[in-house]
Amino acid sequence: MTKSFTAVAQHKVAQHQLGIFGGSPLFDAYVPIVRPEVPPECHEDCSRQFLDVLGSGLLTNGRSVQLFEEIAAERLGVAECVAVSNCTAGLMLTLRCLGLQEGEVILPSFTFFASGHAAVWNGLTPVLVDCERDTFNLDPQKVREAITRETVAILAVHIFGNPAAAEELEAIAKQHGIKLIFDAAHGFGAAIHGKPVGGSGDAEVFSLSPTKLLVAGEGGIVATNNIELAQRLRLARNYGDGGSYDCEVMGLNARMTEFQAVLGMAGVKGIEERSAKRELIANAYVSTLGSEPGVSFQRVRPGYRSSRKDLGILFDEKEFGVSRDFLRAALEKENVQTRKYFDPPLHRQKLYRECRTGDLRNTEWICQRILNPPVYTALGEEKAEEIAQRILLIRDNVQAKGYPSWWHSGAA
Ligand SMILES: *Cc1c(COP(=O)(O)O)cnc(C)c1O
């Protein structure tokens, strides 16, 4: 980011009156939190291939799915990729095919609820454990403390595409003789010491739904170096039927269609470039906001690379001077959509309220402060910088004039 651009952006935002005080929004068109990552150059290619699929007479589990699995396995550097209908089904089937049908599964409370659902659908008992305050990922020390004789698996999550502490978790799983599965829904494009995320633990399960980095409309990939597990999963995604019409596993219909595989293959091609663009967007937020009091960012360990599926910014109300919830409302009036993933965390949702938990102070700390701004590739660095500048302008105005009268809940 050059200095002159910063100056231009500052000048531009300073000219506006803020949306919260009745001014016109920063952007004329609404800026959503996410836009599906299907670049325009894919559209024509995919249309042609969709027609080929239609002409082939094989709409599901055909040649494209097989090819996509090979491409994904090569890209991730794993022995096998099994394509499935979505990540949730992939997680459900992975736990099932690893023979996990009773006992406790340790997972973070700070995650999307599908991670927990997959365990519960298999009759497993979720145990909700705290995350690290800086990386937002499952805390290995707290995992150790939560292990009991009932523990059968650890389900870790690469939160926002920031790789979890894979090596440490592998050591814990090995020591206790339990399974380790990664919810890698956000993980495509992430790497640990130059190696793509995907080859750790017993399996890693990716999502290809529209909010993720690799988009197939809907879809999932189970990556594993366990060839037997992959074979079981291929049966399990097809009801459990290996062709004898006498099922081997209690499966699901979790097949990927040929159309999804076509989109998935197109998406893999540009993943490096998109991930690099997201890094620049993340840097634009970091360089504008990073040194402000009360603002911090999710930490990525040295040598790790986040896919930047999302960017997590923490705003401490006392130190920053404006509450996270007010910032969200104020940005909405600037036509900027934000999220607060994953607030509420699992242990505060009704389906998970009864779960055994450890001390969840970091989860609570993050949930009070987290704000996710738009980071999708097509946003570009300049808009990210403008959004970040506007956040500071909102703060400065609120500090000078107080909260506007329409805002009550955050005014205390
Ligand atoms: C999106 C998501 C899932 C579910 O993925 P689907 O493909 O939509 O089933 C699971 N876990 C996490 C952390 C997610 O963000």
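**Entry 1**

I looked up Tyr245 and found it in the loop between α8 (227-236) and α9; helices are DSSP runs of H or I with at least four residues, strands are runs of E with at least two, and both are numbered from the N terminus. Phi of Tyr245 is near 60°, a positive value in a residue other than glycine. At 75% relative accessibility, Tyr245 counts as exposed (exposed is over 50% relative accessible area, buried under 20%, partly exposed in between, with a 1.4 Å probe and protein chains only).

I note that this is a predicted model, in which local features need pLDDT of at least 70 and side-chain atom pairs count only at pLDDT 80 or more, while totals for chains, interfaces and linings use all residues. Residues are numbered from 1 along each chain as its sequence is written, and side-chain values use heavy atoms, with hydrogens and water left out.

I then turned to Phe136, which also has a positive phi, about 70°, although it is not a glycine. Phe136 lies in the loop between β3 (125-129) and α6 (140-146) and is buried, at 1% relative accessibility.

**Entry 2: cis peptide bonds**

I found a cis peptide bond from Tyr341 to Phe342, with omega near -5°. A cis bond also joins Asp343 and Pro344, where omega is about 5°. Phe342 is in the loop between α12 (324-332) and β13 (356-357), and Pro344 has its place in the loop between α12 and β13.

**Entry 3: the ligand**

I listed 14 residues around the ligand, of which Thr88, Asp183, His186, Ser207 and Lys212 come nearest (near means a heavy atom within 4 Å). I read a distance of 2.6 Å between an oxygen atom of the ligand and an N or O atom in the side chain of His186. For a polar side-chain atom of Ser207, the distance to a ligand oxygen is 2.7 Å.

**Entry 4: Ser207**

I placed Ser207 in strand β8 (residues 203-207). Ser207 is buried, with a relative accessible area of 6%. Not counting residues up to four places away in sequence, Ser207 touches Cys87, Ala184, Ala185, Lys212, Leu214, Gly219 and Gly220 (contact means heavy atoms within 4.5 Å).

**Entry 5: nonpolar cores**

I looked up the largest nonpolar core, which has 49 residues; Phe68, Cys81, Val143, Ile154, Leu169, Phe206 and Ile221 touch the most other members. Such a core is a set of buried Ala, Val, Leu, Ile, Met, Phe, Trp, Tyr and Cys residues joined through side-chain atoms within 4.5 Å. Helix α9 (residues 258-269) gives the largest share of this core, six residues. A second, separate core has 35 residues, including Val31, Val295, Phe326 and Val336.

Notes
A polar contact is a pair of N or O atoms within 3.5 Å; within protein, one must be able to donate a hydrogen and the other to accept it, and residues adjacent in sequence count only if both atoms are side-chain atoms.
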